[in-house]
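Open the model in your viewer and keep the selection tool at hand. The stops below say what to select next and what is there.

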Amino acid sequence: SNSENWSSATASFCQWHGITCEPVGELGQMAVTEISLMDNNLNGIIPSILFHLPELRKLDLRDNSVSIGMNAIFQASNLEELYLDKTHVTTLDGIGQATSLR
């Protein structure tokens, strides 16, 4: 697994392994656009609050022992790509609310 900068007290979350940020808005504030933690030895429940990241376009958790609920996926209005193969996700109930998924 790679946890580069995840425990750093000084690194911005945009510098964490698997996190991609881009400037958004008039002020160019950095926002999370991708979370790619494929095959990173993660386990447990991923909080669905991730879907509250307004600029999130890609979430890749495949090949990890994780689950995540889809009850808040409607919040992810820009989410285009979602990779959950080889995870412990047992239901996709609610995924139809993710209107931007390709």
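## Stop 1: Trp16

Select Trp16: leaving aside residues up to four places away in sequence, Trp16 touches Glu4, Asn5, Trp6 and Ala11, where contact means heavy atoms within 4.5 Å. This is a predicted model, in which local features need pLDDT of at least 70 and side-chain atom pairs count only at pLDDT 80 or more, while totals for chains, interfaces and linings use all residues. Residues are numbered from 1 along each chain as its sequence is written, and side-chain values use heavy atoms, with hydrogens and water left out.

Trp16 sits in the segment before strand E1; helices (H or I, at least four residues) and strands (E, at least two) are DSSP runs numbered from the N terminus. With a relative accessible area of 24%, Trp16 is partly exposed. On this scale buried means under 20% relative accessible area, exposed means over 50%, and partly exposed lies in between (1.4 Å probe, protein chains only).

## Stop 2: the largest pocket

Which residues are the closest to the centre of the largest pocket? The largest pocket holds about 360 Å³ of space. Of its 19 lining residues, Trp6, Trp16, Ile19, Ile35 and Leu50 are the closest to its centre.

Here the search runs on a 1 Å grid over the protein atoms alone; a pocket is an open set of points, where a 1.4 Å probe fits, with protein on both sides within 12 Å along at least five of seven lines, and lining residues have an atom within 4 Å of a point. Grid points are joined across faces, edges and corners, and the volume is the space filled by probe spheres set on the points.

Colour the lining by residue class: 15 are nonpolar, three polar and one charged. Ala, Val, Leu, Ile, Met, Phe, Trp, Tyr, Cys and Pro count as nonpolar, Asp, Glu, Lys and Arg as charged, and the others, Gly among them, as polar. Strand E2 gives the most to the lining, with four residues.

## Stop 3: Asn40

Move along to Asn40, in the loop between strand E2 (29-36) and strand E3 (43-45). Asn40 is buried, at 8% relative accessible area. Beyond residues up to four places away in sequence, Asn40 touches Ser1, Asn2, His17, Asp63 and Asn64.

## Stop 4: the salt bridges

Four salt bridges are found in the whole structure; each is a side-chain nitrogen of Lys or Arg within 4 Å of a carboxyl oxygen of Asp or Glu.

Select Glu22 and Arg57, whose closest N and O atoms are 2.9 Å apart in a salt bridge. Glu22 is in strand E1 (residues 19-24) and Arg57 in the loop between E3 and strand E4 (58-60), so the pair ties together parts 35 residues apart in sequence. Glu22 is partly exposed at 32%, and Arg57 is partly exposed at 27%.

Next, select Asp60 and Arg62, a salt bridge with closest N and O atoms 2.8 Å apart. Asp60 is buried at 3%, whereas Arg62 is partly exposed at 22%.

Finish at Glu81 and Arg102, which meet in a salt bridge at 3.6 Å, N to O. Glu81 lies in strand E6 (residues 81-83) and Arg102 in the segment after E6, so this pair ties together parts 21 residues apart in sequence. Glu81 is partly exposed at 23%, and Arg102 is exposed at 73%.
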